[in-house]
Amino acid sequence: MVETLIDRCPRVETERLVLRKWEMRDLDGLIKLNTDPRVLEFFRKRPNAEESEEALKRAIQRQDENGFCLPVVEDKENGDFLGFCGLNVPSYGESLPCEPCVEIGWQLIPEAWGRGIAVEAAKFWLGFGFETLGLDEVVAFTVIQNHNSRRVMEKLGMSFDPAENFDFPGVPVEHPLCRHVLYRLSKKMYLERKNG
């Protein structure tokens, strides 16, 4: 699966976007993303510039070793860094209740919000996951109060069952960012929505 992703999708263009591998030239954009309090409202950690540089180096190393690492989202018209979006196999230390699984995730700069950028990028990766990689299901999760991300999940046709809410591993139960929602999209649901 991993080799297929890097071989077939080193760079992809959608209507408005370029989806591509990480490069060191993305550092300024990643620092902007990682230091914006609006972006980090629902994140427990807030990386500084030095930590962002280390994260970028790890991302490049992971994509070289594994074939992918939540690809960059770039504005096709002007080349601006908008954030990242893609498929990922979770590795958060402790298992999530939905594992083993493939998740779809995104993080965008505020200037890209409200323009359908996350939906456009995620739709490509969902299609790739189901139609090229042959996945049976893709999940997404976020803290309960992250209504913007939840709206994206709903626009993608993902289903939500409150009974599947979970506490994120390693986060104290009393922490306001502990409780998470889980959204699912099966291949059957994806194809019905696409062909419906």
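**Notes on the cores, a pocket and the aromatic pairs**

1. In this predicted model, the largest nonpolar core holds 47 residues, and those with the most contacts inside it are Trp22, Val73, Leu87, Ile104, Trp106, Leu156 and Met158. Helix H4 (residues 117–132) gives the most to this core, with nine residues. A second, separate core has 10 residues, including Leu96, Cys101, Phe166 and Val171.

2. Do have a look at helix H4 itself. Trp125 and Phe128 both lie in this helix, three residues apart, about one turn. Their ring centres are 5.8 Å apart with the planes at 85°, so the pair counts as edge-to-face. Trp125 is buried because its relative accessibility is 2%, and Phe128 is buried because its value is 6%.

3. Another aromatic pair, Tyr92 and Phe168, is also worth a visit. The pair is edge-to-face, at 5.3 Å centre to centre and 75° between the planes. It links distant parts of the chain: Tyr92 sits in the loop between strands S4 (81–88) and S5 (103–108), and Phe168 in the loop between strands S8 (166–167) and S9 (179–186), 76 residues apart. Tyr92 is partly exposed at 38% relative accessibility, while Phe168 is buried at 8%. Ring pairs join Tyr92, Phe141, Phe166 and Phe168 into a cluster.

4. On to the second largest pocket, with about 150 Å³ of space. Its lining consists of Lys123, Leu126, Lys155, Leu156, Leu185, Tyr190, Arg193 and Lys194. By class, that is four nonpolar, no polar and four charged residues. Helix H6 (187–195) and H4 each supply at least two lining residues, and H6 gives the most, with three.

5. Lastly, a charge over a ring: Arg150 lies over the face of Phe160, 4.9 Å from the ring centre.

Definitions and conventions:
Residues numbered from 1 in each chain as written. Predicted model: local features only at pLDDT ≥ 70, side-chain atom pairs only at ≥ 80, totals over all residues. Heavy atoms only, no water. Core = buried A, V, L, I, M, F, W, Y, C linked by side-chain atoms within 4.5 Å. Buried < 20%, exposed > 50% of the residue type's maximum accessible area, 1.4 Å probe, protein only. Helix = DSSP H or I, 4+ residues; strand = E, 2+ residues; numbered from the N terminus. 1 Å grid on protein atoms, 1.4 Å probe; cavity = no way out; pocket = protein on both sides within 12 Å on 5 of 7 lines; lining within 4 Å. Points joined across faces, edges and corners; volume = space filled by probe spheres on them. Nonpolar A, V, L, I, M, F, W, Y, C, P; charged D, E, K, R; others polar. Phe/Tyr/Trp six-rings, centres within 6.5 Å; stacked < 30°, edge-to-face > 60°. Lys NZ or Arg CZ within 6 Å of the ring centre and 35° of its normal.
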